[in-house]
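Reader: Hi! Could you walk me through this protein, one question at a time?

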Amino acid sequence: MTSRRLAAVLGVLVVSVLLTGCVAFEDPERETDDPDPEAVFEGAYVHSEDLEDLRGVRRVEMTDGNRTVTEVLRIERRPYVDERSEVVEASDPVVVGNLYVSNATDNWLYYSDANVTQHFEAPDGFDSEAVRSSRAEMAANVSSLYDLEYRGTDRVADREAHVLAVEAKNETVERDVSLIVGNTEFVYPLETGDPTDEIDVVEQRLWIDTEYDYPLKERLVYETPSGDRYELRMEYESISFNVGLEDERFAFEPPENTTVEEW
C-alpha cells in the first residue's frame, strides 16, 4: 500500500450521530472487585453526568507495519451536540486546518485547502438530553455483537482509564470500519479492491476514563483476506475536563470568499 493509499484509509468523514455503545454479557467468574464491563463500555457513549465539557489533543494513527499516516486534532466538546475539532498536524498537509463545528442547530465542515464549507442546519434542532437518551436506548440493539473482557486499568493522557478487550461475536465487520468516539463517527474506507471482501478484526481495545466515563483511547487491529494487517489507534495526548467552554466556541462563520455548500 502506498503512503497516499494509507492516507486515504485514514481520510475521515465526520458526522454527528445518535448512536451509543454495546451492552456486554457479565462473566460470572470475573473478580467481584472489577467494574461491570457492561457499565464501563456504555460509559464510552453515555458519559458521566458530572462531565460538562472537555478540551484536548487527540492523535489518530493508521499503520500497515511499514508506513504510518497521522492526524492530530484539537478537540473541544460539550456532550452531546456541541463540538469543535480542528486538524493541527497531519501526514498530508492538505488536511491541516480542516475544521468541524457543531451545535444544537448547525453542523459545519470547513476544508481550508479548498476554501469550501459544507453546512447542515437541523430543522428542529438537536436536544442534548434527547441525544443522550437515544444513545442509551440503542445500546440494547447492538449488545449481541460483542463480548467484553475487563483488563484492569492503565494511564492515558496522565489519567486513569479502564481497559476493555472487545471482540465481535461474528468475527467480522463491514467493509467500512466505523468507530464511534464521543459524539463523532469516524468512517475509514478500507479500499480492499473486491467489494465482497470481509475484514477480520484481530484485536480491539478501549480505554475509558475512570472518573468521567469518556473514551481516551481506542486501538483496532484488522486483517484482510489477503493477509494485509493494519492498526488504527486514536488516543488523547492531553485532555482536561470541565474547563468552562463558552457558546462562542461552537459557532462558525465561514471565512470571506468561502464556497458554502448546503447539505
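This is a predicted model: local features need pLDDT of at least 70, side-chain atom pairs count only at pLDDT 80 or more; totals for chains, interfaces and linings use all residues.

Reader: Is D247 buried or exposed?

Author: Residues are numbered from 1 along each chain as its sequence is written, and side-chain values use heavy atoms, leaving out hydrogens and water. Buried means under 20% relative accessible area, exposed over 50%, and partly exposed in between, with a 1.4 Å probe and protein chains only. D247 has 53% relative accessibility, so the residue counts as exposed.

Reader: Which residue forms a salt bridge with D247?

Author: A salt bridge is a side-chain nitrogen of Lys or Arg within 4 Å of a carboxyl oxygen of Asp or Glu. For D247, the closest N and O atoms of the pair are 2.7 Å apart, and the partner is R78.

Reader: How many residues apart are R78 and D247?

Author: Strands here are DSSP runs (E, at least two residues), as helices are (H or I, at least four), numbered from the N terminus. R78 belongs to strand β3 (residues 68–78), and D247 lies in the loop between β15 (229–241) and β16 (259–262). The pair therefore links distant parts of the chain, and the separation is 169 residues.

Reader: What is the relative accessible area of R77, the partner of E83?

Author: E83 and R77 form a salt bridge whose closest N and O atoms are 3.3 Å apart. E83 counts as buried because its relative accessibility is 2%. R77 is buried too, and its relative accessible area is 1%.

Reader: Which residues are joined with E231 into one network?

Author: Start with the salt bridge between E231 and R219, where the closest N and O atoms are 3.0 Å apart. E231 sits in strand β15 and R219 in strand β14 (residues 215–223), 12 residues apart. Both of these residues are buried. Salt bridges that share partners join E231 into one network with E203, R205, R219 and R233.

Reader: Finally, what share of the residues counts as buried?

Author: The protein chain has 3 helices and 16 strands. Of its 263 residues, the share that counts as buried is 48%.
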